[in-house]
Amino acid sequence: MNVLQVQNLHKSFGGIHAIDHCSFSVEENSITGLIGPNGAGKTTMFDLINGLLTPDEGHVLIKNQNVTGWPTYKRARLGLSRTFQAIRVFPELTALENIVVAFKGHPSKLYQAFVPLKKKNRDLEKRAMEYMETVGIADKAHLRAGDLSYGQQKLLEIARCMATDADIFLLDEPAAGVNPTLLNTIKQLILKLHQQGKTLLIVEHNMPFLMSIAHKIIVMNFGKELAIGSPEEIQNNPRVLEAYLGKKREE
Ligand SMILES: Nc1ncnc2c1ncn2[C@@H]1O[C@H](COP(=O)(O)OP(=O)(O)O)[C@@H](O)[C@H]1O
Ligand SMILES: [Mg+2]
């Protein structure tokens with residue numbers, strides 16, 4: 001079954017067709033790579049899938065529901081979550097607090113007025129701590145998130161996605177700028193999420209990393225899908241090589 005479908009999607013910024021009638025689908029419980037040269041439209045595609053942007057044409061389907069035009073929070077309720085190419089943790093909160101704020105049904109002020117606050121917070125922190133342990137940064141729980149290393153912040157972002165009860169993860173360059181030790185931690189985490197039945201769509205420039213975990217690769221160029229296939233098929237596709245060596249969008 002496809003849990004995510006992009007149908008004839010189009011998005012222009014002024015004269016630039018950032019996404020140019022692009023279609024593809026992502027199978028349930030797959031690890032799918034989304035690659036392409038800089039400017040190919042990958043981040044814009046993530047923005048359209050999670051509802052930060054609205055397409056000019058075409059549709060986005062999540063679990064066979066047409067969610068085109070839905071706000072991000074409603075898509076999140078269907079199990080969609082996403083990390084950003086440029087990290088977006090709350091730097092002034094502790095790492096642990098960054099997870100707590102992601103929980104569904106985080107108690108409102110009104111609710112807190114009726115429930116013993118300390119106990120409620122203890123329970124939330126205990127649950128948050130479990131996610132910190134899963135991604136391997138439990139010892140950093142009480143540090144300011146902004147003081148974590150770049151790679152640790154990436155892990156924190158993934159933990160935050162997990163805390164929303166997501167089952168579809170969009171990861172924008174999870175391996176970029178991460179040292180080899182943390183890279184392996186991120187890889188193991190992705191494989192663990194897959195084992196748990198989650199679906200992952202991953203934008204990544206680190207090809208050895210992506211090719212070693214992905215079942216299917218979608219190649220974008222000039223806002224369109226250029227090729228879709230197994231890592232082997234993609235590595236041996238002359239059109240893909242040409243796209244990477246070839247001309248930039250402006251030329
Ligand atoms: N908000 C925006 N305004 C204008 N142009 C944009 C905007 N966002 C992206 N673009 C353009 O759309 C194209 C695709 O960008 P992007 O999705 O960031 O590509 P990628 O993530 O594959 O590098 C690029 O030409 C980029 O300059
Ligand atoms: Mg990008």
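Analyst: Ala, Val, Leu, Ile, Met, Phe, Trp, Tyr, Cys and Pro count as nonpolar, Asp, Glu, Lys and Arg as charged, and the others, Gly among them, as polar. In this predicted model, that grouping can be applied to the shell around ligand 1.

User: How many residues of the shell around ligand 1 are nonpolar, how many polar and how many charged?

Analyst: The shell around ligand 1 holds four nonpolar residues, six polar ones and two that are charged.

User: Which residues come nearest to ligand 1, and which elements give two or more residues to its shell?

Analyst: Twelve residues stand around ligand 1, and those that come nearest are Phe13, Ala18, Lys42, Thr43 and Thr44. Two or more residues of the shell come from each of β2 (16-27) and α1 (42-50), and α1 gives the most, with three residues.

User: Where is His21, and what is its phi?

Analyst: His21 belongs to strand β2, and its phi is near 50°, which is a positive value in a residue other than glycine.

User: Where is Glu173 placed, and is it buried or exposed?

Analyst: Glu173 lies in the loop between β7 (168-172) and α7 (180-195), and it has a positive phi of about 55° although it is not a glycine. Glu173 is buried, because 20 other C-beta atoms lie within 10 Å.

Key. Residues are numbered from 1 along each chain as its sequence is written. Chains are lettered from A and ligands numbered from 1 in the order in which they are written. This is a predicted model: local features need pLDDT of at least 70, side-chain atom pairs count only at pLDDT 80 or more; totals for chains, interfaces and linings use all residues. A residue is near a molecule or strand if its C-beta atom, placed from the backbone, lies within 6 Å of it. Helices (H or I, at least four residues) and strands (E, at least two) are DSSP runs, numbered from the N terminus. A residue is buried if 20 or more other C-beta atoms lie within 10 Å of its own, exposed if 12 or fewer, and partly exposed in between; C-beta atoms are placed from the backbone.
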